[in-house]
Amino acid sequence: MYSTITDLINAAKPLCKGKILTQDSKEELLSWQKTGQKDYQYGFCLEAWNGLIGHRGDVPGYQCVLGYDQDRDLSIVVICNLSNDAKGRGPANEIASLILSSIRETANKND
């Protein structure tokens, strides 16, 4: 199975809000479990971190972030053909964090 950036952008909001699921499935998907990490919870194959709901994943040579910011009704998708660095940081995570920080700074200036 493969997805394009457009596929992922179109899927982010409905997936992360559970709109394409039955109510029972939505409750299971968004049943957040504490992880012991600040501002990080895990549901059923979804994560909540840094104000986003979504999924981050990697396989050797690739890393991806799909996130939805409910406060801004904004989807973020970053796909990289790079693996995590020696410290375990994913390049798509780092890029998504920079994009999100920039968007939030701009929004705060406009408020």
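Analyst: Before we start, one term is needed: two strands count as paired if DSSP finds at least two bridges between them. Please also keep in mind that this is a predicted model.

User: Fine. Which strands form the sheet, and in what order?

Analyst: The open sheet is formed by six strands, in the order S1-S2-S3-S4-S5-S6, and their pairing is antiparallel. At the edges are strand S1, residues 33–34, and strand S6, residues 74–80, each of which pairs on one side only.

User: What joins S1 to S2?

Analyst: Strand S1 and strand S2, the latter covering residues 40–42, run antiparallel and are joined by two bridges. Within this part of the sheet, Lys34 stands opposite Gln41 in S2.

User: And how many bridges are there between S4 and S5?

Analyst: Seven bridges hold the antiparallel pairing of S4 and S5, and His55 stands opposite Leu66 of S5. The two strands form a hairpin with two residues between them, and Gly61 in its turn has a positive phi of about 95 degrees.

User: Then S5 to S6, what does that hairpin look like?

Analyst: Four residues sit between the strands of the S5 and S6 hairpin, where Asp73 takes a positive phi near 50 degrees. S5 and S6 run antiparallel and are joined by seven bridges, with Leu74 in S6 as the bridge partner of Asp69.

User: Is S5 mostly covered or open?

Analyst: Strand S5 is mostly covered, since six of its eight residues are buried. Helix H1, residues 5–17, lies across S4, S5 and S6 and runs at about 50 degrees to S5, while H3 lies across S4, S5 and S6 at about 150 degrees to S6.

User: Switching topic: why does Ile20 count as exposed?

Analyst: Ile20 counts as exposed because its relative accessibility is 60%, and the cut-off for that label is over 50%. Ile20 is placed in the loop between H1 and helix H2, which spans 23–29.

User: Last one: what lines the second largest pocket?

Analyst: The lining of that pocket, whose volume is about 190 Å³, includes Gln37, Tyr40, Trp49, Arg56 and Leu100. Strand S4 (52–59) and helix H3 (91–110) each supply at least two lining residues, and H3 gives the most, with four.

Key: Residues are numbered from 1 along each chain as its sequence is written. This is a predicted model: local features need pLDDT of at least 70, side-chain atom pairs count only at pLDDT 80 or more; totals for chains, interfaces and linings use all residues. Side-chain values use heavy atoms; hydrogens and water are left out. On a 1 Å grid over the protein atoms alone, a cavity is a set of points where a 1.4 Å probe fits but cannot get out, and a pocket is an open set with protein on both sides within 12 Å along at least five of seven lines; lining residues have an atom within 4 Å of a point. Grid points are joined across faces, edges and corners, and a volume is the space filled by probe spheres set on the points. Contact means heavy atoms within 4.5 Å. Axes are lines fitted to C-alpha atoms, for helices over the stretch in contact, and angles run from 0 to 180 degrees between N-to-C directions. Buried means under 20% relative accessible area, exposed over 50%, partly exposed in between (1.4 Å probe, protein chains only).
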